[in-house]
Amino acid sequence: MTTPTPPTATATAAVSCRGLVKRYPDVLAVDGLDLDVWPGECFGLLGPNGAGKTTTVEMLEGLTTPDAGDITLLGERWGQGRDRQLRQRLGVQLQETKLSEKLTVRETVRLFRSFFDEGRDVEEVMDLAGLQEKAAARVGKLSGGQKQRLALACALVGAPKVLFLDEPSTGLDPQARLRVWEIVEQFKQLGGTVILTTHYMEEASRLCDRVAIVDHGRIIALDAPATLIDSLGARQIITFTTDGDIDQAELAALPGVRSVIRQSESWVLNVEQAGPVLPSVINALAARGLQMERLSTHQATLEDVFVHLTGRGLRDE
Amino acid sequence: MSNRRLPPLWELTLARILEFVREPEAVFWVFVFPVLMAVALGIAFRSQTGALTSVALLDTGPPAARAELEKKLRTSPRLQLRVMNEADAAVALRKTRVEVIVGLDPSAPPAPADGSTPPALVYQFDPARAEGRAARLVVDDVVQRAWGRPDAVASRDGPPPTRGSRYIDFLIPGLIGMNLMGSGLWGIGFSVVSARVNKLLKRLAATPMRRGDFLASIAFSRLIFLGLEVAAIAGAGRLLFGVRIQGSLAAVMLVSLLGALSFGGIGLLVAARPRTIEAVSGWMNLVQLPMWLLSGTFFSYERFPAFALPFIRILPLTALNDALRGIINDGSSLASLWSPVLVLVVWGLVGFVVSVRIFRWQ
């Protein structure tokens with residue numbers, strides 16, 4: 001894996017951790033994880049459900065105590081008697097928090113504002129989150145996207161230096177997801193540091209300066225999204241199934257094929273250009289009396305990087 | 001651009017108050033239900049001065065003797081007499097439509113028809129019921145006097161019980177106590193555990209909110225409704241049944257406040273760990289059950305065996321009921337009620353201190 005290591009490693013990192021471990025009775029959730037997040041950077045943890053992303057950010061947020069490892073945030077550590085001061089500078093959005101349904105949007109933001117010594121104006125934050133016209137509406141009456149934007153407003157109202165977002169757009173329709181991304185981008189433009197978890201490659205590609213691909217509690221790749229995709233050595237991906245068996249080496253030996261992955265039922269071919277390769281694939285199959293079924297081709301994405309590294313999809317169970 | 005903020009304790013307390021008043025069902029159970037219960041029980045157990053004793057007279061035996069007995073019984077205005085056959089009378093007694101059955105004793109020799117010699121009688125009643133025992137005495141007294149028994153001792157009835165000693169007077173303070181227990185436990189238990197289930201507690205723990213502020217806001221929001229809760233029941237008692245507070249109103253409010261804080265502490269303790277609404281409901285019921293049964297809300301706990309009384313007296317609801325009855329019914333001063341007050345303080349302190357230590361934020 002490629003970890004860019006600036007000369008002054010932990011000294012300038014907004015958030016950094018070394019050798020982070022969290023063990024639960026039935027699973028090793030986080031297995032020796034290192035990362036450095038630079039000030040002003042948007043850093044993504046991309047991985048499937050259960051990869052240890054949430055456990056990792058909750059340890060960084062000081063909500064879960066690690067079994068081993070060291071965490072530094074904004075030059076401080078948890079449990080040194082300065083946790084409250086540290087929390088003054090953090091904004092947090094947790095997965096699946098249900099805010100009180102009986103309160104209005106404005107009352108909720110005002111409540112969260114009251115916890116911070118320094119913070120932003122309540123009306124301004126509601127504006128930023130596009131909630132001004134819903135200010136007097138009860139939280140229980142909001143749509144999923146509006147609830148998520150309210151969660152963001154509550155995270156932003158303390159004017160944080162570091163914003164933690166755990167699956168900020170999961171379960172939202174594309175329109176609502178786009179609005180969430182715009183809010184995060186605005187925060188970035190003002191110089192804020194963001195750490196987010198996601199299992200949507202579009203989200204990671206669009207928002208993140210760097211992405212750590214996480215699987216089984218470890219980082220298996222870490223770089224800028226474009227660099228990770230380039231590391232496949234392929235621009236396009238051909239995916240298909242067949243009605244019988246064919247040798248992996250035979251597919252890999254075809255001209256123009258960079259690498260071949262077997263992902264459950266499907267063959268995944270990383271290629272430079274799909275057009276010239278497809279006929280030779282079809283011919284190779286025909287030579288064995290096989291038919292190509294369920295064919296698709298697409299531009300390489302972060303998902304393909306994950307598939308290439310693990311042989312599984314981000315959303316496979 | 002304004003960037004004011006109010007103290008977090010104020011905002012947290014306000015949020016809890018708004019959550020409560022925007023939940024119409026909670027308002028019903030805390031304010032309306034106890035008043036309805038006071039009204040229903042007050043009517044069912046209203047003191048029946050001059051109430052009649054219901055008597056069944058059996059239609060068996062020699063008609064002349066029976067007619068004479070009926071004539072004698074009808075001379076008393078205290079009896080409500082019904083003539084029945086044996087089967088009907090047995091049913092009426094079982095259903096307590098009558099308290100006693102009186103009939104001619106079939107095993108005794110028949111009395112002369114001229115009525116000069118009194119007949120022998122048999123009473124049937126439920127000796128386990130106070131009303132049955134009293135009815136037997138009333139009927140027997142009427143019969144004995146009618147056949148000429150002189151009173152050996154001169155006696156008369158004193159004035160009827162003053163206000164303050166009727167059942168409704170006993171009941172109203174008990175209902176206030178029970179309601180403070182219910183709203184303290186359920187009001188806190190449900191909202192804390194559902195905030196935990198919804199990960200709201202975890203979200204709050206991720207802010208710089210002082211954890212003590214959160215717990216204190218729970219106590220404060222209880223205090224704001226306390227006055228209304230007590231006023232609803234005490235007001236209904238006063239307006240509908242003329243239940244008066246014999247002692248000082250300030251003492252009633254102070255004891256209610258202590259009671260609310262005490263049950264607030266216990267409610268917080270019960271809600272400190274459970275992860276589901278089902279679990280906290282079970283614990284709430286377990287905590288309340290002994291107090292529903294033992295703490296003397298509806299009848300005096302002095303009826304329980306003497307060895308159980310010290311245990312019953314240290315239950316917080318017993319202490320609250322005793323203190324409230326002392327002030328409302330007997331006009332006692334706070335100083336004379338130091339022991340139940342101490343019990344309330346200890347329960348409240350233990351509840352808050354322990355729950356702060358073991359509270360589960362996620």
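This briefing walks through some helices, strands, cores and contacts of the structure above. The model is predicted, so please read each value as computed from it. Chain A and chain B touch, with 24 residues from chain A and 25 residues from chain B in the contact. The largest nonpolar core has 154 residues, and chain B is divided into two domains whose centres lie 50 Å apart, taken over C-alpha atoms.

- Strand E3(A), residues 42–46, runs parallel to E8(A) and is joined to it by 4 bridges. Here Leu46(A) stands opposite Ile213(A).
- Strand E9(A), residues 218–223, runs antiparallel to E8(A), with 5 bridges between them. In this pairing Val214(A) stands opposite Ile219(A).
- E8(A) and E9(A) form a hairpin with 2 residues between the strands, and His216(A) takes a positive phi near 50° there.

**Helix H6 of chain A**

- Helix H6(A) spans residues 144–156, and its 13 residues reach 18 Å from the first C-alpha to the last, close to the 18 Å expected at 1.5 Å a residue.
- H6(A) is mostly covered, with 10 of its 13 residues buried.
- The buried residues form a run from Lys147(A) to Leu156(A), including Arg149(A), Ala153(A) and Cys154(A).
- The cover over those buried residues includes strands E5 (90–93) and E6 (162–166), together with helices H4 (105–114), H5 (122–128) and H7 (174–189), of chain A.

**Helix H2 of chain A**

- Helix H2(A), residues 53–60, is mostly covered too: 8 of its 8 residues are buried.
- Among them are Lys53(A) and Glu58(A), as well as Val57(A), Met59(A) and Leu60(A).
- Gly62(A) follows H2(A) and has a positive phi, near 80°.

**Nonpolar cores**

- Which residues have the most contacts inside the largest nonpolar core? They are Ala153(A), Ile195(A) and Ile172(B), in a core of 154 residues.
- Helix H6 of chain B (residues 167–197) gives the most to this core, with 15 residues.
- Leaving out residues up to four places away in sequence, Ile195(A) touches Val15(A), Val37(A), Phe43(A), Val57(A), Leu60(A), Val162(A) and Phe164(A).
- Two of those partners, Val57(A) and Leu60(A), are among the buried residues of H2(A).
- A second, separate core has 15 residues, including Ala89(B), Val100(B), Ile101(B) and Ala135(B).

**Where chain A meets chain B**

- The contact draws on 24 residues of chain A and 25 residues of chain B.
- On the chain A side, helices H3 (83–87) and H4 each supply at least two residues.
- H4(A) gives the largest share of that side, 6 residues.
- By class, the side of chain A that touches chain B has 9 nonpolar, 4 polar and 11 charged residues.

**Domains of chain B**

- Domain 1 of chain B takes in 11–45 + 163–358, and domain 2 takes in 53–146.
- The centres of domain 1 and domain 2 of chain B are separated by 50 Å, taken over C-alpha atoms.

Note on methods. Residues numbered from 1 in each chain as written. Chains lettered and ligands numbered in written order. Predicted model: local features only at pLDDT ≥ 70, side-chain atom pairs only at ≥ 80, totals over all residues. Expected span 1.5 Å × (residues − 1). Buried ≥ 20, exposed ≤ 12 C-beta atoms within 10 Å, placed from the backbone. Contact = placed C-beta atoms within 7 Å. Pairing = 2+ DSSP bridges. Nonpolar A, V, L, I, M, F, W, Y, C, P; charged D, E, K, R; others polar. Core = buried A, V, L, I, M, F, W, Y, C linked by C-beta atoms within 7 Å. Domains from an automatic or database assignment.
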